[in-house]
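Work through each one with the structure open, then compare with the solution.

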Amino acid sequence: MAFDIDRYTGEAFDLLQQLIAIPSFSREEKACSDFLASMLHSYGMDVCREGCNIFAVAPDYVPGRQTILLNAHIDTVRPVVSWTRDPFAPVVEGDRLYGLGSNDCGGGLVSLLQAFRIFASGELPGRYNLVWLASAEEEVSGKDGIERVLPRLPHIDTAIVGEPTDMQPAIAERGLMVLDLVAHGKSGHAARDEGINAIYAILDDINWIRSYRFKAVSELLGETRMQVTQITAGTQHNVVPDVCRAVVDVRTNEFYTNEKVFAFVREHCRSEVKARSFRLNSSQIDPHHPLIERCKTLGLTPFGSPTLSDQALMPFPSFKLGPGSSARSHSADEYICRSEIRRAIEIYTELLQ
């Protein structure tokens, strides 16, 4: 039985416009979650909820059959000041739909939903059990996001994450670790050249972080990288600062765990080094996984993604595949194209048959 691609594209596009109009910043997704649950009920879906996470299991679930999770997130970052439009007023101009969260990750969310509905209704024959999940707190890797809902899901064999990838499969992604460095000095009067300047004390560590190159380079993800992103010190212009703090953003490839990088940095820095978390390691899926091989037969090209997603918290194989471009994420005047959503629905259904 064929499905009506125009109908499903239109419903996805309409739903996304309504979602854009509901602010859903990380940890503030309740209104969006409530609305989405009501819409799914109107589609005749049995909806389950854990906090602000919404999920559904296709009714033809067969124990022992391979189960695929279709996942995208409902939360957004806050709009940057350079928006020239109202980020919560969905505007359609030609093929484009403008609005906060349209590209990251609304396009993937509504496209995966339509694919789920097509198979759940029996309009296309499925060979997998399907679970659709709209997760919360992805942008902040929050504890009440996907980590909270995973224990309630059936056993998952593989996940497709609808992050914007131009509908090319991202089969690996970098991990993330945030380090806090603290250097101590001794305060004194700047005019008298007294004290020990904590800013100067941290400079050697910053220079080492800037110049060091990890040896193991990934074919898909490149180098493990460290970047100093914040520095804080001093109380006023004439006081030698006795404390200097720096924040380091670390993006790991599959050859280094966060714990291993942390130990290495601490060994080479004179400053105090603390990690905020070790939980967001690099992730990857076997390039010869059947779903990746299927992607290749559809003319798609696997690649490695530099950006983090809920994949980092998934204890099963996963890959990113979604409409839109990662370059539009977190940017002013974010948009998704109707044609991108249509193509996503087509590819998802081809992939899952």
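**Exercise 1.** Find the bridge partner of L97 in β18, then describe the sheet in which β18 takes part.

*Solution.* 
1. In this predicted model, L97 has I336 as its bridge partner in β18.
2. Strand β5, residues 96–98, runs antiparallel to β18, and 3 bridges join the two.
3. The sheet is open and consists of 3 strands in the order β4-β5-β18, with antiparallel pairing.
4. β4 (91–93) and β18 (335–337) are the edge strands, each with pairing on one side only.
5. On average, neighbouring strands of this sheet are turned by 25° against each other, direction ignored.
6. Helix α1 (residues 5–20) packs on the sheet and touches β4, β5 and β18. The direction of α1 makes about 20° with that of β5.

**Exercise 2.** Determine how the axes of α3 and α8 cross, and list the residues that meet. Are the two helices parallel or oblique to each other?

*Solution.* 
1. Packed helices are described by the angle and the distance between their axes.
2. The axes of α3 (residues 102–120) and α8 (residues 338–352) come within 9 Å and cross at roughly 45°.
3. Angles under 35 degrees count as roughly parallel, and 65 to 115 as roughly perpendicular. α3 and α8 are therefore oblique to each other.
4. The crossing of α3 and α8 is right-handed.
5. From α3, the residues in contact are V110, S111, L112, Q114, A115, I118 and F119. They meet I341, A344, I345, Y348, T349 and L352 in α8.
6. Sorted by class, this contact of α3 with α8 has 10 nonpolar residues, 3 polar ones and no charged ones.

**Exercise 3.** Give the strand order of the sheet that contains β9, and state which helices lie across β9.

*Solution.* 
1. The sheet is open, with 4 strands in the order β11-β13-β9-β14 and antiparallel pairing.
2. Its edge strands are β11 (225–233) and β14 (272–275), and each of these pairs on one side only.
3. Neighbouring strands here are turned by 20° against each other on average, direction ignored.
4. Strand β9 (residues 175–184) pairs with β14 in the antiparallel sense over 4 bridges. L181 stands opposite V273 in β14.
5. Helix α5 (residues 198–211) lies across β9, β11 and β13 (243–252), and runs at about 150° to β9.
6. Helix α6 (residues 258–268) lies across β9, β11, β13 and β14. α6 runs at about 20° to β9.

How values were computed
Residues are numbered from 1 along each chain as its sequence is written. This is a predicted model: local features need pLDDT of at least 70, side-chain atom pairs count only at pLDDT 80 or more; totals for chains, interfaces and linings use all residues. Side-chain values use heavy atoms; hydrogens and water are left out. Two strands pair if DSSP finds at least two bridges between them. Axes are lines fitted to C-alpha atoms, for helices over the stretch in contact, and angles run from 0 to 180 degrees between N-to-C directions. Contact means heavy atoms within 4.5 Å. Angles under 35 degrees count as roughly parallel, over 145 as roughly antiparallel, 65 to 115 as roughly perpendicular and the rest as oblique. A crossing is left-handed if the near helix is turned anticlockwise from the far one by less than a right angle, and right-handed if clockwise. Ala, Val, Leu, Ile, Met, Phe, Trp, Tyr, Cys and Pro count as nonpolar, Asp, Glu, Lys and Arg as charged, and the others, Gly among them, as polar.
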